[in-house]
Amino acid sequence: MSTAVTTPVGRMAALARAEMVLFGRSKGTLVAALFVPLTLPFAMRSAVEELDLKDAGLSVGLVMLPAAIGFSLLFAVYSSLVSVFTARREELVLKRLRTGELRDAEVLAGAALPAVVTGFVQCVLLAVGCTVLLDLGAPSAPHLAVLGLLLGLSASVTLAALTASFTRTVESAQVTTLPVLMITMLGSGVIVPLELLPDRLASACELLPLTPVITLVRGGWSGDLSGTEALTAIATAVAWTVVAVFAVRRWFRWEPRR
Amino acid sequence: MENNGHEHVIEVTDLRRVYGGGFEAVGGISFSARRGEVFALLGTNGAGKTSTVEVLEGLASPTSGTVRVLGHDPYTERAAVRPRTGVMLQEGGFPSELTVAETTRMWAGCVSGARPGHEALALVGMTGKADVRVKQLSGGERRRLDLALALLGGPEVLFLDEPTTGLDAEGRRDTWDLVRALRDGGTTVLLTTHYLEEAESLADRLAILHEGRIAVTGTPAEVTATQPSRITFELPENFFVGDLPPLDQLGVSGHEVDGRVVRLRTRELQRAATGLLVWAERAGVELHRLDVRSASLEEAFLGIAREVSEKPAPVQERVA
């Protein structure tokens, strides 16, 4: 018997490896996570081309690329993790894991890792694809885009854990994920850029959880984001993640309701 | 902590656990288990067994009272306790789409000083199931997988919540042998069960929980001794209870008559049985359906459950 003491990284890696196997065996999750974010942007391309983008200083590429990243965060990360967290809780896996050396945050992070990696790789591929296919050119402020993506991943994971707190079964996840999906797609500039909305509505939409991500990614490519705008977006995204972390600590359910 | 073989590995003092809705699942209990001892918590469903064990496992904090496992608070000092404990929950807790080997490998990555997975599976006789998905295992096989994982790190303290539920007779014996071997190797085992035979056969000491309180605690022999033995028989034709010898002279402490069936309770079984049989011999009658039995844990259990529900303030007998 070895006397090796486990480390947080080692424990999360063991859990993530098992989750990766499960991800590969869950056909529904696989399709939703891999297929939807890659096809939706193409489905909306013709609609985007109809929009009057010139006046807002935008191009098709500058709308499509953030939209693609938004879809990836929503489908590959957010909604697939709501299913994962809910399924593991209902199978009592989370309760069992909590009896061991894993800390609570490690349980959630380890389970989330495969989806986060999938989302990250997908976003990178989509960014490269959009840049090349839609004549976008290299990003003028790549650090903002990268920061936006990382903030988007952390917000998606924490929002997924929070949504799972109020989701009883994997089936009901299809309903409980709708508010975040719809609000983000319509209000965070994924489908319709905020620049095209009335000012008052646009400033309200800027406070939504994934709006800063879209803003930062778009700004990263266009280079049109002022320092203040960038900082506001970063602060908003961090605030959402902090609030979601507190809410998860308060409301997350580790066991099924009896 | 000194390792003199006598320290209390588990110490529970005035533990209370009240749930959100105000329901008091555990109402102030105290007990302790020494190193290398098998301690069983017995009780009907809803007696508070799992609510107690969850606090010991560090899954929940007590509403009041203190709990120490290996000298630490299992909830607030989790990092100090977890590498030295093994836990088997009452129910499952494994992703159904993973195989047994994948589940074991995942769990081994989360356990300090884990033994090789195949060794743990061999301990519980699951070697041949390594490539089977968890969803295809029988209930008993899942219990054995759960036990294998609880044993992966060679724990000093093992919590087993109803470990043999769903096992067949042979599987149950195997588990009992394994628990005895672990105990002999110095592992402290806290066991909950509603199989009285299991507690009688495995436990060095036990506590019977009833409605969140300890009704009685001690060795199985001590707990059994709190209950009278029983003699049951059918009264012969044309005989009445009054025809029997005076019951107090037989050492009988109480009796019930149900139709023609008579039940006697006694703490002096030999004297009562001899008196009754000598009387029957002299009267020239045969006692049909005669059944003479010393108190078992089962009767103690049922007796205590009855007693406690009749008396609002239970007698708490504490064994230090």
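Two strands pair if DSSP finds at least two bridges between them. Helices (H or I, at least four residues) and strands (E, at least two) are DSSP runs, numbered from the N terminus. This is a predicted model: local features need pLDDT of at least 70, side-chain atom pairs count only at pLDDT 80 or more, and totals for chains, interfaces and linings use all residues. Residues are numbered from 1 along each chain as its sequence is written, while chains are lettered from A and ligands numbered from 1 in the order in which they are written.

**Exercise 1. The open sheet of chain B**

Task: Find the strand order of the open sheet of six strands in chain B, and say which strands stand at the edges.

Solution: 
- Step 1. Read off the order: β5-β6-β7-β3-β8-β9, with mixed pairing.
- Step 2. Look at the ends. β5 (85-88) and β9 (213-218) of chain B each have a single partner strand, so one side of each has no neighbour in the sheet.
- Step 3. Take one pair. Strand β3 (residues 38-43) and strand β8 (residues 205-210) of chain B are parallel, over five bridges. One bridge joins B:Ala40 to B:Leu206.

**Exercise 2. Helices on the sheet**

Task: Which strands does helix α1 of chain B lie across, and which does helix α5 of chain B?

Solution: 
- Step 1. Helix α1 (residues 49-56) of chain B lies across β3, β6 (157-161), β7 (188-193) and β8 of chain B. It runs at about 155° to β7(B).
- Step 2. Helix α5 (residues 139-150) of chain B lies across β5 and β6 of chain B, at about 170° to β5(B).

**Exercise 3. The nonpolar core**

Task: Which residues have the most contacts inside the largest nonpolar core?

Solution: 
- Step 1. A residue is buried if 20 or more other C-beta atoms lie within 10 Å of its own, exposed if 12 or fewer, and partly exposed in between, with C-beta atoms placed from the backbone. A nonpolar core is a set of buried Ala, Val, Leu, Ile, Met, Phe, Trp, Tyr and Cys residues joined through C-beta atoms within 7 Å.
- Step 2. The largest core has 144 residues, and A:Leu81, B:Ala40 and B:Ile208 have the most contacts inside it.
- Step 3. Helix α5 (residues 60-90) of chain A gives the most to this core, with 19 residues.
- Step 4. Follow B:Ile208. Leaving out residues up to four places away in sequence, its contacts (C-beta atoms, placed from the backbone, within 7 Å) include B:Leu42, B:Val223 and B:Phe301.
- Step 5. A second, separate core of eight residues includes B:Ile231 and B:Phe233.

**Exercise 4. A strand in the open**

Task: How many of the six residues of strand β13 of chain B are buried?

Solution: 
- Step 1. The number is zero, so strand β13 (residues 288-293) of chain B lies largely in the open.
- Step 2. Its pairing with strand β10 (residues 229-234) of chain B is antiparallel, over four bridges. Here B:Glu234 stands opposite B:His288.

**Exercise 5. Where the chains meet**

Task: How many residues does each chain give to the contact?

Solution: 
- Step 1. Chain A gives 27 residues and chain B gives 23.
- Step 2. On the side of chain A, the largest share, ten residues, comes from α1(A).
- Step 3. Chain A itself has 13 helices and zero strands. Of its 258 residues, 48% count as buried.

How values were computed. Two residues are in contact if their C-beta atoms, placed from the backbone, lie within 7 Å. Axes are lines fitted to C-alpha atoms, for helices over the stretch in contact, and angles run from 0 to 180 degrees between N-to-C directions.
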